[in-house]
Amino acid sequence: MSLRIFVAHSPRDARHYQALYDFLVRLGFQVWRDPAPAPDLEWKQELETALRAAQIVMVIVTPNSAASPFVTYEWATGLALGIRVVPIIFQAARAHPRLMTLERYDVTALTSMAQFWEYFQREVLRIAQQVSMGQTVPPPAYGPPAAYPPSAVPSIPSPMPSPAYAAPVTNLPFVDRSIMPDKSGHWIVIRKGPTPGAFMFRLHGEVVNLGRDAGNDITIDHGEVSRNHVRFIWKQGGYAIKDMGSTNGTRLNGMPIAAETMMSPGAIIQIGENIIMTYEVT
């Protein structure tokens, strides 16, 4: 899945940028290398060319980037263009409030960088899949700036078409993943609803039932949850989910489900309007 990613960052955070760049390139993404910021027209034209060619904008959040007008310009332009913007908090910072309304990832919330990269790999692939599935037309084959990895440079069409973008994913709720299971396994974590974050259920066995009835393996006492709402089924090294004919329905990553559907790590499960859970594999 070779999507184009623009990484907004402060030059003072070169260490964080290089780590993220290497990580994304290893996963097969095209990553644009931001030139040294300079407030002139040529720089802005090159920047906007790169932003228009990008399908995802990642923001390295640190005190340096929070204070940088260039970084703010980059992610704000990405939002204006309808591009998926993903903040990654490498250091605690007083970031712009608008940026903090987006689904974000906090390096400092996990116990080690190795744990973060392992978790973030699943999340990046999930986000890339969502962006790809949201495309209504194939992305244009741009000739990006030379700072893209040479092996990833696509052909340049003639004439150059107007930019076409993947439709942004707008039906997914914000999920704060600052609280995560600290032991290995397959988990269901409540993110919104009764005892958010404090409720984590480790899935085990071939079949796990969830509902309002006390006889379920996972019981959620909430009016939007049916007596027997969903079933988790072990298969092919992971868990699938199936709605059991519930009243308020079940959505997986924003899409209603009825038939048995495999879940990917990090998947967002919604029951009605007020129950949000995630499927985590640690």
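**A loop serine and what surrounds it**

Guide: Leaving out neighbours within four places in sequence, S226 is in contact with G211, R212, S246 and T247. The model is a predicted one. S226 sits in the loop that runs between strand 9 (218–219) and strand 10 (230–235). S226 has a relative accessible area of 11%, and because buried means under 20%, this serine counts as buried.

Strand 10 pairs with strand 11 in the antiparallel sense, over 6 bridges. The two strands make a hairpin with 2 residues between them, and Q236 in the turn has a positive phi of about 55°. In this pairing V230 stands opposite D243 of strand 11. Of the 6 residues in strand 11 (residues 238–243), 5 are buried, so this strand is largely enclosed by the rest of the structure. Strand 11 also pairs with strand 14 (residues 261–262); they run antiparallel and are joined by 2 bridges. There, I241 has T261 of strand 14 as its bridge partner.

V230 also gives a reference point for I271. The C-alpha atoms of I271 and V230 are separated by 9.4 Å, and the two residues are 41 apart along the chain. I271 belongs to strand 15 (residues 267–271). Its relative accessibility is 0%, so I271 counts as buried. Not counting residues up to four places away in sequence, I271 touches L210, E224, V225, H229, G249, T250 and M277.

Strand 15 leads on to helix 5, since strand 15 is among the elements that cover the buried residues of this helix. The cover also includes helix 1 (14–26), strand 3 (56–61), strand 4 (84–89), strand 5 (105–106) and strand 16 (275–281). Helix 5 (residues 113–133) has 21 residues and reaches 30 Å from its first C-alpha to its last, close to the 30 Å expected at 1.5 Å a residue. The buried residues in helix 5 are F116, W117, Y119, F120, R122, E123, V124, R126, I127, A128, Q130 and V131. An α-helix has 3.6 residues a turn, so residues three or four places apart point the same way.

Strand 3, part of that cover, also belongs to a sheet. This open sheet has 5 strands in the order 2-1-3-4-5, with parallel pairing. Its edge strands are strand 2 (30–32) and strand 5, each of which pairs on one side only. Strand 1 (residues 4–8) and strand 3 run parallel and are joined by 4 bridges. F6 has V57 of strand 3 as its bridge partner.

Strand 3, helix 3 (63–66) and helix 4 (69–80) each supply at least two of the lining residues. Helix 4 gives the most, with 3 residues. The lining of this second largest cavity divides into 7 nonpolar residues, 3 polar and no charged.

How values were computed
Residues numbered from 1 in each chain as written. Predicted model: local features only at pLDDT ≥ 70, side-chain atom pairs only at ≥ 80, totals over all residues. Heavy atoms only, no water. Buried < 20%, exposed > 50% of the residue type's maximum accessible area, 1.4 Å probe, protein only. Contact = heavy atoms within 4.5 Å. Expected span 1.5 Å × (residues − 1). Nonpolar A, V, L, I, M, F, W, Y, C, P; charged D, E, K, R; others polar. Pairing = 2+ DSSP bridges.
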